[in-house]
Amino acid sequence: MSVSRIRTLLCLGLFAIGLAASAAHAVVLQGRGELHAGGNGIAAFQMVGMLAVSGGGALIIDDDIRVETQGVGRVTDLGDGRLLYEGYGRAIARSTAPFTAKITGAKIRLHAKGKGRAFLKGCGRLEVGAPDEGGLDEEWGPDLELDFDSDGS
């Protein structure tokens, strides 16, 4: 079994354990406007700006937000003001109004630019701003909560 496969299985196992853990150990951090993350787990955003998601899994987002998709999947109207996108590929949401988005999946990649709050649960790699300017470039998991802010979107 390859090291990559072992690491993926280990991350998925830690993700399952993390789901059972409480969010009481979340950490709040300040960012510089852009967030890049990749891994396995759950991410929730409350933001203004641009959010790009790729990989396999599900995205739940406010139904008044325009989302461009590319890949294989389906969209379901949840009937409560939100849409559920399921499948594999890429989705990009942009808005100058506040919106919420929840993502769950394996081998997902996230890029958020704008202003808002993010919560990550699972395991993966995270980069926010430049490390030499107080940003982060580190592993995340099982819980991470942070604020990010940017003048541009």
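So, Ser 95: it touches Val 48, Gly 49 and Ile 65, leaving aside residues up to four places away in sequence, where contact means heavy atoms within 4.5 Å. Ser 95 sits in strand β4; strands here are DSSP runs of E, at least two residues, numbered from the N terminus. A polar atom of the Ser 95 side chain is 2.9 Å from the backbone oxygen of Ala 97. Ser 95 counts as buried because its relative accessible area is 14%, with buried meaning under 20%, exposed over 50% and partly exposed in between, using a 1.4 Å probe and protein chains only.

Quick word on the source: this is a predicted model, where local features need pLDDT of at least 70 and side-chain atom pairs count only at pLDDT 80 or more, while totals for chains, interfaces and linings use all residues. Residues are numbered from 1 along each chain as its sequence is written, and side-chain values use heavy atoms, with hydrogens and water left out.

Okay, salt bridges. The rule is a side-chain nitrogen of Lys or Arg within 4 Å of a carboxyl oxygen of Asp or Glu, and by that rule we get four. One of them pairs Glu 86 with Arg 74, closest N and O atoms 3.0 Å apart. That pair links distant parts of the chain, Glu 86 in strand β4 and Arg 74 in strand β3, 12 residues apart. Glu 86 is partly exposed at 29% relative accessibility, whereas Arg 74 is exposed at 55%.

Then there's Glu 68 with Arg 66, also in a salt bridge, 3.0 Å from N to O. Arg 66 is exposed, at 60%, and Glu 68 is partly exposed, at 34%. Arg 66, Glu 68 and Arg 94 are linked in a network of salt bridges. Arg 82 and Asp 80 meet in a salt bridge too, at 2.9 Å, N to O.

A pocket, on a 1 Å grid over the protein atoms alone with a 1.4 Å probe, is an open set with protein on both sides within 12 Å along at least five of seven lines, and lining residues have an atom within 4 Å of a point. Which residues are closest to its centre? Of the 23 lining residues, they are Tyr 85, Glu 86, Gly 87, Tyr 88 and Ala 91. Strand β4 gives the largest share of the lining, 10 residues.

Methods:
Helix = DSSP H or I, 4+ residues; strand = E, 2+ residues; numbered from the N terminus. Polar contact = N/O pair within 3.5 Å; in protein donor to acceptor, adjacent residues only side chain to side chain.
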